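Visitor: Please put the model up. I have questions about how its parts meet.

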Protein chains: 2
Amino acid sequence: MATDTYTRILDCAQSLIVTRGYNAFSYADIAAEVGVGKATIHHHFPGKADLAVAVIARYRQATADGMGAMAAQVTQADMRLRAYVGFWEQCIRDNNAPFCIAALLAAELPSLPPEVAEQVKAHFDELIGRLTMFIEEGLRSGALKSPDSAETSARVLVASVHGAMLAARVAGGDAELFSSITQAALQRLNG
Amino acid sequence: MATDTYTRILDCAQSLIVTRGYNAFSYADIAAEVGVGKATIHHHFPGKADLAVAVIARYRQATADGMGAMAAQVTQADMRLRAYVGFWEQCIRDNNAPFCIAALLAAELPSLPPEVAEQVKAHFDELIGRLTMFIEEGLRSGALKSPDSAETSARVLVASVHGAMLAARVAGGDAELFSSITQAALQRLNG
DNA sequence: AGTTATCTACCGACTAGTTGGTCGGGAGTC
DNA sequence: GACTCCCGACCAACTAGTCGGTAGATAACT
C-alpha cells in the first residue's frame with residue numbers, strides 16, 4: 001500500500017511543514033528533495049490539501065501509537081506527563097522535528113484549507129483528551145494535585161508546551177529554555 | 001511623514017499577518033483592499049520584507065507605549081500581569097486582532113527573511129524584559145510569589161499566553177478558553 | 001508674477017519566476 | 001490487458017518586483 005516513494009514524499013512534506021508551515025512549501029521543493037517529478041507527487045496526493053491531510057493523519061496515528069506505548073510502560077501519572085514533555089525536549093535537542101506540526105498549522109489556521117483545519121482540530125482534541133485522562137487518573141490516585149479540572153490542567157500544560165516551543169524556536173532551538181519553561185508547568189501539578 | 005495611504009497599507013498588512021502569517025499574504029491582497037495599485041505599495045515599502053519589518057517595528061512601539069501607559073496607571077504587580085493577559089483576552093473576544101503577530105511569525109521563523117526574524121526576536125526580548133521587571137518588583141514587594149526566577153516566571157507566563165492563543169484559535173476564537181488557561185498561569189504567581 | 005526645476009505620491013503595463021495542477025504516455029508487474 | 005508507478009511537457013494563475021510616466025505640490029530663480 002505505502003510505496004517507498006509515497007512514504008518519502010510524506011516524510012519530506014512533514015519536515016518541510018515543521019520548518020515552514022503549510023503556505024511556504026511547494027511541490028517543487030518536495031520533488032527536488034525526494035528526486036521525483038512534480039507529477040509523481042500529484043499521482044499520490046492529488047492536491048496540496050490532500051498531502052497535508054495525509055501528513056497530519058499519519059502524525060495523529062503516530063501520536064496515538066507513541067502515547068499508547070508510553071502509557072503501557074509508564075504507569076505513574078506524573079511520569080507520563082514528564083515523558084510527554086520530555087519527548088519534545090528531546091526533539092528540540094536533536095533538532096530533529098523541533099516543532100509540533102499541529103501547533104504550527106494552528107497558527108496558520110485561518111488560511112488553511114478546511115480539510116486540513118479539521119485534522120488540526122482533531123489532533124488538538126485527541127491530545128487534550130489523552131492528557132486529561134492521565135491527569136484525571138493522577139488526581140484520583142493522589143499522584144497529582146490541581147485546583148482546576150483535569151481538562152483545564154491538560155490545556156494549561158499543552159499551552160505551556162506549545163508556547164515553550166515558540167520561545168525555543170525564537171532562541172535558535174534552545175532546548176534548555178524549553179525545559180525550564182515546561183518544568184515550571186509540570187511542577188504546578190506536583191503539589 | 002506618514003501619509004494616509006502609507007498608514008492604511010501598514011494597517012492592512014498587519015491585519016493580514018494576524019490572520020495568515022507572512023507567507024500567505026500578497027501585495028495584490030493589500031492593493032485590492034486598500035484600493036491602490038501594487039506599485040504604490042512598492043513605492044512606500046520597496047520589498048515585502050521591508051513592509052513586514054515596518055509592521056513589526058510599529059507593533060513593538062505600540063507595545064512599548066501601551067505597556068508604559070498601563071504601568072503608569074496600574075501600580076500593583078499582579079494587576080499589571082492581569083492587565084497584560086486581559087488585553088489579549090479582550091482582543092480575542094472582540095475578534096479584533098486575536099493573535100500576537102510576533103507569536104505567529106515566531107512559528108514561521110525559519111522561513112522568514114533575516115530582517116523580519118530579527119524584529120520578531122527583538123519583540124520577544126522586549127516583552128520578556130518588561131514582564132520580568134514587573135515580576136521582579138512584585139516578588140520584592142511580596143505581591144507575587146514564585147519558586148523560579150523572575151525571568152523564568154515571565155517566560156512561563158508568555159508561553160501560556162501564546163499557547164492559549166493557539167488553543168483559542170483552534171477552538172474558533174474562544175475567549176473563555178483563553179481566559180481559563182491564562183488564569184491558571186496567573187494564579188501560579190499569586191501564591 | 002511667471003516660469004522652471006524638483007520632489008512626492010501614485011499608477012498601468014510589464015517582467016521573470018513560481019505556484020498548484022493537468023495530460024498523455026512509457027515502463028514494469030500481475 | 002489492466003493496473004500501478006512514474007515522468008516530461010505543458011498550463012493558467014499568481015508571485016514579488018520594475019519600468020516609464022503622470023498629477024500635484026513646493027520651492028527657486030528671474
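Visitor: How do the residues of the surface near DNA strand D divide into nonpolar, polar and charged?
Guide: This is a predicted model: local features need pLDDT of at least 70, side-chain atom pairs count only at pLDDT 80 or more, and totals for chains, interfaces and linings use all residues, while side-chain values use heavy atoms, with hydrogens and water left out. Residues are numbered from 1 along each chain as its sequence is written, and chains are lettered from A and ligands numbered from 1 in the order in which they are written. Ala, Val, Leu, Ile, Met, Phe, Trp, Tyr, Cys and Pro count as nonpolar, Asp, Glu, Lys and Arg as charged, and the others, Gly among them, as polar. On that basis the surface near DNA strand D has six nonpolar, 10 polar and two charged residues.

Visitor: Which residues around DNA strand D come nearest?
Guide: A residue is near a strand if one of its heavy atoms lies within 4 Å of it. There are 18 such residues around DNA strand D. Those that come nearest are Thr5(A), Thr40(A), His44(A), His42(B) and Lys48(B).

Visitor: Which element gives the most to the surface near DNA strand D?
Guide: Helices (H or I, at least four residues) and strands (E, at least two) are DSSP runs, numbered from the N terminus. α3 of chain A, with α2 (27-34) and α3 of chain B, each supply at least two residues there. With four residues, the one that gives the most is α3(A).

Visitor: How far is the side chain of His44(A) from a phosphate oxygen of DNA strand D?
Guide: Polar contacts are pairs of N or O atoms within 3.5 Å; within protein, one must be able to donate a hydrogen and the other to accept it, and residues adjacent in sequence count only if both atoms are side-chain atoms. Lys38(B) has a side-chain N or O atom 2.9 Å from a base oxygen. For an N or O atom in the side chain of His44(A), the distance to a phosphate oxygen is 2.5 Å.

Visitor: Which element supplies the largest share of the surface near DNA strand C?
Guide: There are 17 residues around DNA strand C, and among those that come nearest are His42(A) and Thr5(B). Elements giving two or more residues are α2 (27-34) and α3 (38-44) of chain A and α3 (38-44) of chain B. The largest share, four residues, comes from α3(B).

Visitor: What area is buried between chain A and chain B?
Guide: Contact (heavy atoms within 4.5 Å) takes 32 residues from chain A and 32 residues from chain B. Buried area is the accessible area (1.4 Å probe) that two parts lose on being put together, summed over both. Carbon and sulfur atoms give 74% of this one, which is about 2,800 Å².

Visitor: How many salt bridges are there between chain A and chain B?
Guide: A salt bridge needs a side-chain nitrogen of Lys or Arg within 4 Å of a carboxyl oxygen of Asp or Glu. Two residue pairs are in polar contact across the interface of chain A and chain B, both at pLDDT 80 or more. The salt-bridge count is zero.

Visitor: How are the two copies related?
Guide: Copies are superposed by least squares on the C-alpha atoms of residues with pLDDT of at least 70 in both. A rotation of 180° with 0.0 Å of shift along its axis brings chain A onto chain B, at RMSD 0.1 Å. The two copies are therefore related as by a two-fold rotation axis.
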